Amino acid sequence: MVLLPVKGQNQILYDQYNDVSFYNPAVSNVTADYHHYTQVWSHIAFAPKDFRTHYKMEPYEDVDVGARYQGRINHHIFSASYHYDGYSFFHQHTVNFSYGYEFVIKEIHRLAVGGRVQINFCDIMPSKLSMQTEWLKSFQMTPDIDLGIEYRLRGLHLGLSVMNIAGSSAANYTALIIYERRMYANVSYDFYLDKQKNVMLAPHLLFYYGQHSVNAELGLDLNFWKYAHIGYSFRIQELRHIATIGMEYKGFTLDIASDSAPRTYKQRLQIMLGYKF
């Protein structure tokens with residue numbers, strides 16, 4: 001029997017919509033107004049009840065939760081996070097730690113470099129696989145490394161990163177779970193629509209290339225008085241539509257995202273809560 005590999009969930013972009021820092025460790029969401037940022041999130045995915053795959057999946061209902069801390073001291077940026085992914089035939093726990101440094105050149109040029117170490121703890125459930133599993137270890141640990149760089153000039157943002165440099169896998173006998181090595185490139189620009197800089201329009205382009213996949217995303221975000229924002233993105237290869245809305249009040253943040261893709265029949269809803277201080 002031939003069993004197709006599943007890509008490790010910690011590297012998929014739709015887990016955290018429109019947040020470059022999740023796949024580029026040189027990027028930080030901590031601004032000059034705050035030195036610390038904590039977040040918790042959860043998303044649930046749904047598919048039609050008659051949807052099945054060769055993994056003998058139950059009706060698709062994937063629960064995903066995570067928590068993250070980001071901090072900044074002068075030009076030093078750092079973060080730590082935990083992520084749980086309850087996939088159909090395995091449960092994955094991921095912890096990672098990142099560090100970056102931002103160089104300021106002539107006050108307007110900013111160049112940041114960063115690295116991240118992550119460890120995946122994968123608990124595979126052989127009973128949910130329609131295959132012989134005598135050889136399969138139910139628990140496996142796989143470490144990996146991400147590297148990134150970002151350049152900023154006024155409203156321009158340019159980023160380049162590589163995730164899962166080791167390209168490790170769990171259950172190597174069939175490459176059952178692959179943490180695919182990927183390269184990401186992104187560009188965006190912040191346009192202010194008024195002199196007071198209360199309304200900002202930010203188009204972005206994201207491209208990634210992996211060992212087994214290629215994709216691109218086009219998106220547009222609109223920010224109002226730094227207290228609310230709405231956004232839309234379209235991921236070309238997946239034909240995926242992503243809508244986001246968020247708000248901030250006295251350091252507390254709330255973000256809600258929803259997406260759908262006709263090719264996979266899946267719909268997802270994600271809620272992220274955060275606090276800046």
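Which residues make a nonpolar surface patch of about 560 Å²? In this predicted model, the nonpolar surface patch is made by Val-40, Ile-230, Ile-245, Ile-256, Leu-269, Ile-271 and Leu-273.

The largest share of that patch, three residues, comes from strand 18, which covers residues 266-276. Leu-273, one of the residues that make the patch, is found in strand 18.

**The chain as a whole**

The protein chain contains zero helices and 18 strands. Of its 277 residues, 45% count as buried, while the accessible surface of the chain comes to about 14500 Å², with 65% of that area belonging to carbon and sulfur atoms. When contacts with a separation of 6 or more are considered, residues 24 or more positions apart account for 52% of them.

**Strands 4, 5 and 6**

Strand 5 pairs with strand 4 and also with strand 6, and the table sets out both pairings.

| Strand pair | Residues | Sense | Bridges |
|---|---|---|---|
| Strand 4 and strand 5 | 76-86 and 90-105 | antiparallel | 11 bridges |
| Strand 5 and strand 6 | 90-105 and 109-124 | antiparallel | 16 bridges |

Between strand 4 and strand 5, Phe-78 stands opposite Tyr-99, and on the side of strand 6, the bridge partner of Gly-100 is Gly-114. Strand 5 and strand 6 also form a hairpin, with three residues between them, and in that turn Lys-106 has a positive phi of about 55 degrees.

**A glutamate in strand 7**

Is Glu-150 buried or exposed? This residue lies in strand 7, which spans residues 139-153, and Glu-150 counts as buried because its relative accessibility of 9% falls under the 20% limit for that class. Leaving aside its neighbours within four places in sequence, Glu-150 is in contact with Ala-26 and Val-27, with Arg-110, Leu-111 and Ala-112, and with His-157, Leu-158 and Gly-159. Among these contacts of Glu-150 are Arg-110, Leu-111 and Ala-112, whose positions fall within strand 6, residues 109-124.

Methods:
Residues numbered from 1 in each chain as written. Predicted model: local features only at pLDDT ≥ 70, side-chain atom pairs only at ≥ 80, totals over all residues. Heavy atoms only, no water. Patch = residues over 30% accessible without salt bridge, like charges linked within 9 Å, V, L, I, M, F, W, Y side chains within 5 Å. Areas by Shrake-Rupley, 256 points an atom, 1.4 Å probe, with all protein chains shown as cover. Salt bridge = Lys/Arg side-chain N within 4 Å of Asp/Glu carboxyl O. Helix = DSSP H or I, 4+ residues; strand = E, 2+ residues; numbered from the N terminus. Buried < 20%, exposed > 50% of the residue type's maximum accessible area, 1.4 Å probe, protein only. Contact = heavy atoms within 4.5 Å. Pairing = 2+ DSSP bridges.
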